Amino acid sequence: MEKNQIKWGILGTGWIAKQFTEDLAHASNGIAYAVGSRTKESASTFAKTHKISHFYGSYEELAQDPEVDAIYVATPHPFHKENVLTCLHAGKAVLCEKPFTMNAAELEELVHYARANKLFLMEGMWTRFLPPIRKVNEWLQAGKIGEVGLVKADFGFRMDWDPKHRLLNPDLGGGALLDAGIYPVSFASMVFGSKPEKILSTAYIGETGVDEQFSIILSYPSGKTASLNGAVRLGLTNEAYIFGTDGYIHIPSFLNAKTATLHVNNEEAIHYTDDRKSHGYTFEAEEVGRCLLDGLTESTTIPLEESIGIMKILDTVRGQWGLKYPFE
């Protein structure tokens with residue numbers, strides 16, 4: 001790919017599609033070129049709002065546009081596998097909103113197709129690409145807090161009771177684990193890797209049949225542990241901590257992190273602050289652009305094998321709870 005601007009297609013017109021599209025205006029190597037929805041009316045409205053030149057009344061038409069380089073899949077996760085395959089079959093690079101799929105088997109199918117056809121595919125775990133999180137990784141790689149022994153991460157919010165809402169509806173892949181829990185699980189994977197030795201978990205399964213809150217302990221070699229919590233009916237602090245032998249790192253609101261603080265034993269704390277103008281989706285979009293312009297088919301920041309490992313953790317946890325979705 002010789003050009004320096006990626007033409008993006010936006011698949012879906014919901015809230016997360018809006019956030020991502022607004023952030024493309026801040027991207028150095030990409031523009032919002034087209035949008036596809038299930039109806040032409042929705043696509044047209046979205047296109048006018050965001051000044052997008054092309055719009056389509058089906059996902060298939062969007063995928064077939066020869067000018068589109070990469071597609072951001074912004075639909076609810078039960079539809080990710082089908083939507084991503086539509087894009088891959090059309091030869092497009094794909095950034096798929098998290099959670100990647102409903103389970104590891106679905107993701108392995110997507111990865112197999114992408115690799116067999118040398119197509120770019122990446123999970124839209126935007127947290128990984130935020131400047132404060134990149135700084136945290138720099139501190140870890142430099143050994144600033146010594147040997148890491150414990151990660152704590154929580155993400156939870158209290159939603160109103162509505163049994164038909166996507167988050168509480170088993171037919172739409174509802175529950176805290178896949179929607180909120182993916183963040184702390186992915187954060188632990190970033191620090192310790194995606195193959196824990198042992199997984200312990202508990203959950204409260206509410207009256208609609210999905211998990212409303214959960215707790216997970218992941219254990220790794222040499223006593224390393226991750227303590228993770230998530231909820232959709234309980235507000236949590238949404239902080240992350242990484243504890244090491246020589247200090248600790250604190251990240252308030254870690255999933256959309258704007259700050260991170262390094263505490264080294266007996267030294268003054270070091271604060272890192274991100275003064276970005278965007279929501280924060282710009283950075284994952286720029287990573288896709290960089291990979292495509294460099295001829296890569298996956299990102300080293302969140303490689304596909306790691307995404308599969310994360311999905312396997314989620315599968316194991318749901319198995320411990322006996323939580324299966326109607327369509328699985």
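Predicted model: local features only at pLDDT ≥ 70, side-chain atom pairs only at ≥ 80, totals over all residues.
Thr316 sits in helix α9, which spans residues 304-321.

Thr316 can also be placed relative to Asp171. In sequence, 145 residues separate Thr316 and Asp171, while in space their C-alpha atoms are 20 Å apart.

Strand β1, residues 6-11, runs parallel to β2, and 6 bridges join the two. Within this pairing, Ile10 has Val35 of β2 as its bridge partner. To get from β1 to β2, the chain passes through helix α1, residues 15-24, in a right-handed β-α-β crossover.

Strand β2 is also joined to β3, residues 54-56, by 3 bridges, and these two strands run parallel. Here Gly36 stands opposite Tyr56 of β3. The path from β2 to β3 goes through helix α2, residues 40-50, and this β-α-β crossover is right-handed.

## The β8 and β9 hairpin

Strands β8 (residues 198-205) and β9 (residues 211-219) run antiparallel and are joined by 8 bridges. Leu200 has Ile217 in β9 as its bridge partner. The hairpin has 5 residues between the strands, and in it Gly209 takes a positive phi near 95°.

## The largest pocket

Rolling a probe the size of a water molecule over the atoms shows where empty space is left. The largest pocket has a volume of about 820 Å³. Its lining is made up of 32 residues, and those nearest the centre of the pocket are Trp15, Ile16, Ala74, Thr75 and Arg166. The elements giving two or more residues to this lining are helix α1, α4 (80-89) and α7 (176-192).

Which classes of residue make up the lining of the largest pocket? The lining has 13 nonpolar, 11 polar and 8 charged residues.

## The enclosed cavity

The count of cavities of 30 Å³ or more comes to 1. The largest cavity has a volume of about 40 Å³.

Which residues line the largest cavity? They are Met125, Thr127, Arg128, Tyr183, Ser186, Phe187, Met190 and Phe254. By class, this lining divides into 5 nonpolar, 2 polar and 1 charged. Arg128 is the charged residue, because Arg is placed in the charged class.

## Thr261 in strand β13

Strand β13 runs over residues 259-264 and contains Thr261. Is Thr261 buried or exposed? At 10% relative accessibility, Thr261 counts as buried, because the value is under 20%. The side chain of Thr261 makes a polar contact with the side chain of His271, at 3.0 Å.

## Backbone features in loops

A cis peptide bond, with omega about -15°, joins Lys98 and Pro99. Pro99 lies in the loop between β5 (93-97) and α5 (104-116).

Asn238 is not a glycine, yet its phi is positive, at about 60°. Asn238 is located in the loop between β10 (225-231) and β11 (240-244). With 15% relative accessibility, Asn238 counts as buried, because the value is under 20%.

Asn266, another residue other than glycine, has a positive phi near 65°. The loop that holds Asn266 lies between β13 and β14 (270-273). At 86% relative accessibility, Asn266 counts as exposed, because the value is over 50%.

Note on methods. Residues numbered from 1 in each chain as written. Heavy atoms only, no water. Pairing = 2+ DSSP bridges. Helix = DSSP H or I, 4+ residues; strand = E, 2+ residues; numbered from the N terminus. Right-handed = clockwise from strand over helix to strand, strands pointing away. 1 Å grid on protein atoms, 1.4 Å probe; cavity = no way out; pocket = protein on both sides within 12 Å on 5 of 7 lines; lining within 4 Å. Points joined across faces, edges and corners; volume = space filled by probe spheres on them. Buried < 20%, exposed > 50% of the residue type's maximum accessible area, 1.4 Å probe, protein only. Polar contact = N/O pair within 3.5 Å; in protein donor to acceptor, adjacent residues only side chain to side chain.
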